Amino acid sequence: MSDGGDLWAVVPAAGVGRRFGADIPKQYLPLAGRRVIDQSLAVLLAEPRLRGVVVALDPRDSFWPQSELADDPRVRRVAGGAERCHSVLNALEALAEMAGADDWVLVHDAARPCLRANDLARMIEILCDDPVGGILAVPVRDTMKQADDAGRIDATLARERLWHAFTPQMFRFGLLREAIAAALAAGVLVTDEAAAIERFGRAPRLVEGQADNIKITRPEDLPLAEFYLQQQGRIC
């Protein structure tokens with residue numbers, strides 16, 4: 001990194017994927033010859049500036065040992081928590097043994113396997129000197145509607161300043177750890193790392209990435225992800 005700070009990654013993977021409806025957590029489903037989580041981790045581990053990855057898993061997780069990268073020396077397993085923010089904070093606490101306050105941390109979804117290596121590299125280059133950090137994101141293209149309590153349209157929102165928040169999200173280790181801990185202490189379950197940083201009065205930068213960086217949420221996402229991986233040249 002240009003400013004001397006090391007680069008680490010955190011992958012929260014303690015969820016069970018209830019919306020997906022599979023017998024196993026969605027991050028362990030097969031995707032193009034690998035498990036979803038291995039596709040996601042492989043992109044991170046291919047980034048030469050990355051020092052290591054901490055994966056936060058359900059303490060009862062019995063699938064992880066069968067993962068392709070479970071025994072990779074650059075990957076460390078820690079216990080996850082009830083919500084994503086708990087898992088990320090647990091991983092950051094474990095990372096505190098190795099990372100300094102000014103190091104950078106990338107937080108990436110385990111079920112987001114189509115991240116492009118060039119998007120990741122460009123994001124790191126853009127943010128490595130940023131005073132706050134930021135997230136990979138895509139501008140909203142569709143007309144956006146706001147609903148009322150009855151499920152009817154309450155308003156049409158101007159989409160020009162709306163973005164889809166993706167991962168990775170990249171922030172200084174010390175700032176991110178403090179921000180998530182403060183949110184949880186206040187009883188706020190932030191849904192992404194940027195929200196925790198925003199609570200601190202900071203404005204994370206939006207780095208535009210490719211729209212194929214989808215998150216596996218529903219069964220129809222798997223064949224779409226396989227198509228994207230093939231288009232990227234990651235499978236034959």
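1. Ala32 sits in the loop between strand E2 (30–31) and strand E3 (34–35). Helices here are DSSP runs of H or I with at least four residues, strands are runs of E with at least two, and both are numbered from the N terminus. Ala32 is not a glycine, yet it has a positive phi of about 55 degrees. Its relative accessible area is 23%, so it counts as partly exposed. The cut-offs are under 20% for buried, over 50% for exposed and partly exposed in between, with a 1.4 Å probe and protein chains only.

2. A word on the basis. This is a predicted model, in which local features need pLDDT of at least 70 and side-chain atom pairs count only at pLDDT 80 or more, while totals for chains, interfaces and linings use all residues. Residues are numbered from 1 along each chain as its sequence is written, and side-chain values use heavy atoms, with hydrogens and water left out.

3. Leu229 belongs to helix H6 (residues 221–231). It counts as buried because its relative accessible area is 0%. Neighbours within four places in sequence aside, Leu229 is in contact (heavy atoms within 4.5 Å) with Leu31, Ala32, Gln39, Pro113, Cys114, Arg234 and Ile235. Leu115 is 114 residues away along the chain, and its C-alpha atom is 9.2 Å from that of Leu229.

4. Helix H1 (residues 36–45) is mostly covered, with 10 of its 10 residues buried. Among them are Asp38, Gln39 and Ser40.

5. Beyond four places in sequence, Val55 touches residues including Val11, Ile37, Leu41, Trp64 and Val78.

6. Strand E10 (163–172), helix H5 (193–199) and strand E11 (205–208) each give two or more residues to its lining. E10 gives the most, with 3 residues. The lining includes Ile135, Trp163, His164, Asp192, Glu198 and Arg205. It divides into 6 nonpolar, 1 polar and 4 charged residues. Here Ala, Val, Leu, Ile, Met, Phe, Trp, Tyr, Cys and Pro count as nonpolar, Asp, Glu, Lys and Arg as charged, and the others, Gly among them, as polar. A pocket is an open set of points on a 1 Å grid over the protein atoms alone where a 1.4 Å probe fits, with protein on both sides within 12 Å along at least five of seven lines; lining residues have an atom within 4 Å of a point.

7. Glu193 is in helix H5. Its relative accessibility is 2%, so it counts as buried. Its contacts beyond four places in sequence include Arg84, Gln169 and Phe171.

8. Thr167 and Pro168 are joined by a cis peptide bond, with omega about 10 degrees. Pro168 lies in strand E10.

9. How many disulfides are there? The count is 0, taking a disulfide as a pair of cysteine sulfur atoms within 2.5 Å. Cys85 is buried at 3% relative accessibility, and Cys114 is buried at 0%.
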